[in-house]
Amino acid sequence: MEGLKKNKLISIIVTICMLLSFTVGMSGVLAGHAEATGNFTVRFETYGGSVVASLPVVSGGTVSRPADPTEAGCTFGGWYSDNTFDTPFDFSTVINSDTTLYAKWITFQNNFDTDTSSQWTPASGTWGYDAASGSYAQTDTAVNQYFTFANGTDWENYTLEADVKITGGTGNDTGIVFRASGPSMEYFDMLAVRNNGLELYSHNPNYGSLKAVPATITASAWHHVKIRVSGSDISTYFDNNALLSLTGTDTSIKSGKIGLRTNTTSAQFDNVSVYGVSNSVSFSTGGGSAVAAVTVDYGKTVSKPADPTKGGDAIFAGWYADSGYETEFDFSKPITGVTTVYAKWDTPIRITQDGSTFDLPDLHDGGYTSLTAVLAKLTTTPSTRIVLEGSTSGSTMTLNETEAQLICSRTESTAAKWK
């Protein structure tokens with residue numbers, strides 16, 4: 001009887017184990033099925049623009065196009081599959097994995113659907129709006145190297161796209177200019193589009209070829225040019241053809257305007273756009289501890305770094321927008337170009353009173369520019385001693401406490417330094 005009970009107990013245990021094994025096995029199958037047919041997430045990267053919520057998509061389904069995001073100072077240029085904005089996203093694409101789409105923000109755009117030629121400043125040649133073709137045209141063919149430059153486009157890193165068409169002349173030579181700077185725009189990089197090919201140049205201040213590639217340029221036909229500059233690296237693309245791409249390096253030219261150019265050639269230009277703009281912000285510490293430069297996307301703000309330090313009696317007095325320390329730098333202001341921020345250093349006032357010495361910030365005086373003028377305004381009454389440093393180093397004078405407080409509360413800097 002006892003043996004029968006043992007056999008029955010063993011049978012029950014075996015049955016339970018089999019059930020558990022089956023359950024675990026089925027859980028794995030069901031989990032795998034859920035994974036194969038479950039939801040994926042499509043995320044929308046807006047790079048600081050208005051937020052677009054992620055969307056769940058069933059495997060094999062498509063994602064609905066969301067409302068366009070917005071960004072101050074920029075135009076939304078569509079959603080892309082890549083963060084270099086080479087491939088526009090097709091919303092009929094089947095989603096079979098988690099996906100991120102990237103918002104393209106256009107900082108400068110001229111489609112010339114209307115006369116927007118006022119956004120350009122010609123340096124030479126005959127430039128104007130061509131209403132018949134809805135384009136920007138240069139019609140003079142007598143002289144080589146005619147240029148025009150877009151206003152307000154002094155940037156460092158960006159992608160430039162444009163459509164170009166040769167319409168006449170003997171040169172069959174036009175092109176796109178980028179990172180143009182200097183009093184006469186004599187420093188620039190350029191992509192020449194000619195009847196026998198493409199050539200990438202640096203002009204600093206004389207022409208130097210960086211690279212060339214053969215290509216067939218059809219006169220009176222539109223061709224598409226794209227140029228991407230990042231640091232010293234330059235990449236160019238022609239008619240979206242990967243075989244007609246050029247890469248080069250130019251360490252001499254850092255930033256500047258975009259422009260258009262012809263060479264004994266009449267030409268038309270259309271659909272000019274600039275996007276992916278970013279600029280460096282560097283910190284000049286005037287001999288203090290180094291603060292690393294940062295790259296900031298167009299229209300964004302730069303974070304205030306930790307205060308630098310400097311030896312001796314120097315006291316860090318803030319960041320300024322100019323090397324003369326006239327205007328404090330506003331860290332809430334959007335960065336729209338290459339920027340340098342300057343550290344100001346003050347020398348402390350060292351006050352000795354009743355045997356105790358302590359430092360106060362740099363003397364700030366109400367508009368006085370010389371030590372003599374400052375001293376002429378002071379009344380010497382015993383109580384507090386201030387030691388002067390500089391041409392009168394070692395001399396002393398005494399002020400009462402009220403006068404000392406008055407000196408330390410003034411707000412405009414003077415040439416006199418106090419210690």
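Tyr325 is found in the loop between β20 and β21, where strands (E, at least two residues) and helices (H or I, at least four) are DSSP runs numbered from the N terminus. The structure is a predicted model, in which local features need pLDDT of at least 70, side-chain atom pairs count only at pLDDT 80 or more, and totals for chains, interfaces and linings use all residues. Residues are numbered from 1 along each chain as its sequence is written, and side-chain values use heavy atoms, with hydrogens and water left out.

Although Tyr325 is not a glycine, its phi is positive, at about 60°. With a relative accessible area of 33%, Tyr325 is partly exposed, a class that lies between buried (under 20% relative accessible area) and exposed (over 50%), as computed with a 1.4 Å probe on protein chains only. The loop between β20 (315-320) and β21 (339-346) also holds Ile335, and this residue is buried, because its relative accessible area is 3%. Leaving aside neighbours within four places in sequence, Ile335 is in contact (heavy atoms within 4.5 Å) with Asn279, Val281, Val296, Asp297, Tyr298, Gly299, Lys300, Val302 and Phe329. Val296, one of these residues, is 39 residues from Ile335 along the chain, and the C-alpha atoms of the two are separated by 7.1 Å.

Across the protein, which contains three helices and 25 strands, buried residues make up 42% of the 419 residues. Of the contacts with a separation of 6 or more, 58% are accounted for by residues 24 or more positions apart.

Seven strands form an open sheet in the order β5-β8-β17-β10-β11-β12-β13, with antiparallel pairing; two strands are taken to pair if DSSP finds at least two bridges between them. From one strand to the next the twist averages 20°, the axes being lines fitted to C-alpha atoms (for helices over the stretch in contact) and the angles running from 0 to 180 degrees between N-to-C directions. Within this sheet, β10 (residues 173-181) and β17 (residues 257-262) pair in the antiparallel sense over five bridges, and Ala180 stands opposite Lys257 in β17.

Pro205 has its place in the loop between β12 (197-203) and β13, and a cis peptide bond, with omega of about -5°, joins Asn204 and Pro205. In the loop between β17 and β18 stands Thr264, which has a positive phi of about 45° although it is not a glycine; Thr264 is buried, with a relative accessible area of 18%.

Strand β4 is mostly covered, ten of its twelve residues being buried. Its pairing with β1 (residues 39-45) is parallel and extends over four bridges, with Arg43 opposite Thr100 in β4. Four bridges also join β4 to β3 (residues 75-80), and here the strands run antiparallel; Tyr102 in β4 is the bridge partner of Tyr80. A further antiparallel pairing over four bridges links β4 and β18, and in this case Asn110 stands opposite Val272 in β18. Strand β3 also contains Gly77, a partly exposed residue with a relative accessible area of 26%, which, apart from its neighbours within four places in sequence, is in contact with Lys104 and Ile106. The C-alpha atoms of Gly77 and Pro88, eleven residues apart along the chain, are separated by 9.6 Å.

Strands β4 (99-110), β9 (157-169), β14 (223-230) and β18 (265-284) each supply at least two residues of the lining of the largest pocket. The lining divides into ten nonpolar, eight polar and five charged residues, where Ala, Val, Leu, Ile, Met, Phe, Trp, Tyr, Cys and Pro count as nonpolar, Asp, Glu, Lys and Arg as charged, and the others, Gly among them, as polar.
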